[in-house]
Amino acid sequence: MTQSDILLKHLSTVFDPELGANIVELGMVKDVQHIDKTVTIKLALTIADCPMRNQIETEINRKLKLLENVETVEIAITAMDQKDRTAVMEKAREKARENAQPTNVDPRTRVIAIGSGKGGVGKSTLSANIALGLAKKGFQTGLLDADIWGFSIPRLLGITGRIEANSDKKMIPHEIGNLKVISTGLITSDEDTALMWRGLMLSKALEQFLTDVEWGDLDYLIIDLPPGTGDIQMALSRLLPQAELIVVTTPQLMAQKVATRVADMAKRSFIPLLGVIENMSYFESDTGEKYNIFGEGGGEALSDKFGIPLLGKVPISENTNNVADSGTPLIDQNNSVTKVEIEKLINNIAIQLPPIIDETCTGRLAKVFEELSNQ
Ligand SMILES: Nc1ncnc2c1ncn2[C@@H]1O[C@H](COP(=O)(O)OP(=O)(O)O)[C@@H](O)[C@H]1O
Ligand SMILES: [Mg+2]
């Protein structure tokens, strides 16, 4: 792959929210140059002064700066000519017509996969708490437990029900307020279905959860990944090109080495790295003393290595094991340092990756259609 292919691949994860397609397939990216650490892009918009412009520019900046060798992004905006505009509207109509997104997840949904090289670092705990926290902020949020065999989300959220299918044979997620949850733990009620799921490859199971679930309009979809690397990440980048990865590590440097493998893998499958969370960072006593029980520096090291933000450091909670494992998420527990830090972490995520807001510039579309019909 050439450098310009790589840039285009990353740019194709930027969606024009209104036209429902990515800016590369819409033919908006006219030229990309990469000289030293600066990327210069010529971006053609249907109408140069569209309010959507900001959102698209910010998104391009954010995506490209995730690349190691990119420091500055310069975007030159031009307005499309009549021919380009016709083509772009044709493309947008085609998209709307085929309506055959590979999955049932809206391309505007922010997708955050939570991964780590190994088990036991707190992926599921963090996925559950982050998803719940985003939902509490008022965002429509989905939580997909992609740890098909080692599912733990139902237990962490204290859900015991079984989910059902609607008349379209789509699974209806379990709902807690604004949060929609899917997990094999909510399906496998009997041995036969359990066996069927076991027979599925992990990537197939993920595909089912993305295509056969009635997710509705989500702002965020949080995916709790199984430990390890490989299959499932490749499937993820194929099925949800907008997916980004948060890597969870514990503070010891050994753990950070394992996490590096996941981050490398993500880079190879073109999943942008959103950031690092260091979990079980320290223990804070009632009197405010901090103890680095599991060492220190793992989160910083990983964030430096990949040039991505350290989104948060979550301290060890005294009673996680009994309380969280019996269904009271950390953010619902009494005021503890852990709860406070998780809330900061969630704010940070929402700042780094704000939901895509449909500032519908209907005016813009109307104008384009008007021009088309006047031809
Ligand atoms: N910040 C924390 N403080 C204390 N215990 C934690 C913390 N994060 C996770 N745990 C505990 O560690 C164990 C493993 O967490 P889990 O989320 O299941 O990890 P993973 O999904 O990475 O395998 C669980 O018992 C969980 O309650
Ligand atoms: Mg887990």
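**Strands, helices and loops of a predicted model**

Q: Which residue takes a positive phi in the hairpin of β3 and β4?
A: The hairpin has 2 residues between its strands. Strands (E, at least two residues) and helices (H or I, at least four) are DSSP runs numbered from the N terminus. Phi is positive, near 50 degrees, at D36.

Q: How many helices and strands does the protein have?
A: This is a predicted model: local features need pLDDT of at least 70, side-chain atom pairs count only at pLDDT 80 or more, and totals for chains, interfaces and linings use all residues. Residues are numbered from 1 along each chain as its sequence is written, while chains are lettered from A and ligands numbered from 1 in the order in which they are written. The secondary structure comes to 13 helices and 15 strands.

Q: Is D36 buried or exposed?
A: D36 lies in the loop between β3 and β4. The residue is not a glycine, yet its phi is about 50 degrees. A residue is buried with 20 or more other C-beta atoms (placed from the backbone) within 10 Å of its own, exposed with 12 or fewer, and partly exposed in between. D36 has 9 such atoms, so this residue is exposed.

Q: Why does K169 count as exposed?
A: K169 sits in the loop between α5 (153-157) and β8 (174-176). Another non-glycine with a positive phi, K169 is at about 65 degrees. K169 is exposed because its other C-beta atoms within 10 Å number 8.

Q: How many bridges join β3 and β4?
A: Two strands pair if DSSP finds at least two bridges between them. β3 covers residues 29-35 and β4 covers 38-45. Q33 has T40 as its bridge partner, and I35 stands opposite T38.

Q: In which sense do β4 and β5 pair?
A: β5 takes in residues 72-79 and joins β4 over 8 bridges. T38 stands opposite T72. The sense is parallel.

Q: Which strands stand at the edges of the open sheet?
A: Its 3 strands run in the order β3-β4-β5, with mixed pairing. Each edge strand has a single partner, so one of its sides is left without a neighbour in the sheet. Neighbouring strands are turned by 15 degrees against each other on average, direction ignored. The edge strands are β3 and β5.

Q: At what angle does α2 run to β5?
A: Axes are lines fitted to C-alpha atoms, for helices over the stretch in contact, and angles between N-to-C directions run from 0 to 180 degrees. α1 lies across β3 and β4, at about 125 degrees to β3. α2 lies across β4 and β5, and its angle to β5 is about 150 degrees.

Q: How far apart are the axes of α1 and α2?
A: α1 spans residues 3-11 and α2 spans 52-65. Residues L7, H10 and L11 of α1 meet I60, K63 and L64 of α2 (C-beta atoms within 7 Å). The helices pack at about 130 degrees, and their axes lie apart by 9 Å.

Q: What is the distance between the C-alpha atoms of R238 and P102?
A: R238 lies in helix α8, residues 231-239. It counts as partly exposed because 15 C-beta neighbours fall inside 10 Å. P102 is 136 residues away along the chain, yet the C-alpha separation is 9.1 Å.

Q: What share of the residues counts as buried?
A: Among contacts between residues at least 6 apart in sequence, 77% join residues at least 24 apart. The protein has 375 residues, and the buried share is 41%.

Technical notes
Contact = placed C-beta atoms within 7 Å.
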